[in-house]
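Student: I should like to learn how to read a structure of this kind. May we go through the features in turn?

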Amino acid sequence: MTTEAPSSFDELRQQWLARWNALAPRERQIALIAAALLVLAFTLLVAIRPAWRSLQQTPVQMREVDAQLEQMRRLAKESLGLRQLPSVPAVQAEAALKDATDRLGEGARLLMQNDRFDQGARRCIA
């Protein structure tokens, strides 16, 4: 049968119990109240305060989300309105694209392939 030496934790625990038992009842009560206050402060800082902050920020975030939702609804309504407009004739669209490309200057070009346009900048190859 082997006997293990007491661990440092057991020694610290025994020392603490000895000191605790040596305290007067009033000192023990004060120590318990101080410990309870520390637990309460820790609980407030770790659990309640972040939740309280979230609750305070929620109305502001809700207003922001509502504003974004309203903007998205306006854009969707505008998109539907634009879809209902009659399409532009190909000749008129081609003229508008050529005019816009000409305003960009010499560096811009417009390529037409079948019924599609490709607008890009000319690149000088040295």
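Student: In what order do the elements of the chain run from the N terminus on?

Tutor: Helices (H or I, at least four residues) and strands (E, at least two) are DSSP runs, numbered from the N terminus. Here the elements run α-α-α-β-β, that is, three helices and two strands. Residues are numbered from 1 along each chain as its sequence is written, and side-chain values use heavy atoms, with hydrogens and water left out. The model is a predicted one, in which local features need pLDDT of at least 70 and side-chain atom pairs count only at pLDDT 80 or more, while totals for chains, interfaces and linings use all residues.

Student: What is the mean pLDDT of the chain?

Tutor: pLDDT is the predictor's confidence in each residue, from 0 to 100. The mean for this chain is 84, and 85% of the residues reach 70 or more. Among the elements, H2 has the highest mean pLDDT (92), whereas strand E2 (residues 116-121) has the lowest (56). Over residues 121-126 the pLDDT is below 50, and beyond near neighbours in sequence this stretch has seven contacts in the model; a contact means heavy atoms within 4.5 Å. Where pLDDT is low, the predicted coordinates should not be read in detail.

Student: Which share of the residues in the chain is buried?

Tutor: Buried means under 20% relative accessible area, exposed over 50%, and partly exposed in between (1.4 Å probe, protein chains only). Buried residues make up 2% of the 126 residues in the chain. As for contacts with a separation of 6 or more, 0% of them join residues 24 or more positions apart. The accessible surface of the chain comes to about 12200 Å², and 59% of this belongs to carbon and sulfur atoms; the areas come from the Shrake-Rupley method with a 1.4 Å probe, and for residues only the protein chains shown count as cover.

Student: Which residues form a nonpolar patch on the surface?

Tutor: Patches are made of residues with over 30% relative accessible area and no salt bridge; like charges are joined within 9 Å, and nonpolar side chains (Val, Leu, Ile, Met, Phe, Trp, Tyr) within 5 Å. In this case Ile33, Leu37, Leu40, Leu44, Ile48, Trp52 and Leu55 form the patch, with about 740 Å² of accessible area together. Leu55 is found in helix H2 (residues 25-84) and counts as exposed because its relative accessibility is 60%.

Student: How many aromatic pairs does a search of the whole structure find?

Tutor: A pair of aromatic rings is described by the distance of the centres and the angle of the planes. Rings of Phe, Tyr and Trp (its six-membered ring) pair if their centres lie within 6.5 Å; planes under 30 degrees apart count as stacked, over 60 as edge-to-face and the rest as tilted. The search finds one pair. Trp16 and Trp20 are stacked, 5.5 Å centre to centre with 15 degrees between the planes. Both lie in helix H1 (residues 8-22), four residues apart, about one turn of the helix.

Student: Where are the two salt bridges?

Tutor: A salt bridge is a side-chain nitrogen of Lys or Arg within 4 Å of a carboxyl oxygen of Asp or Glu. The structure holds two. In one, Glu94 and Lys98 have their closest N and O atoms 3.0 Å apart, and both residues lie in helix H3 (residues 90-104). In the other, Arg103 meets Asp99 at 3.6 Å, N to O; these residues are about one helical turn apart because four residues separate their positions in helix H3.
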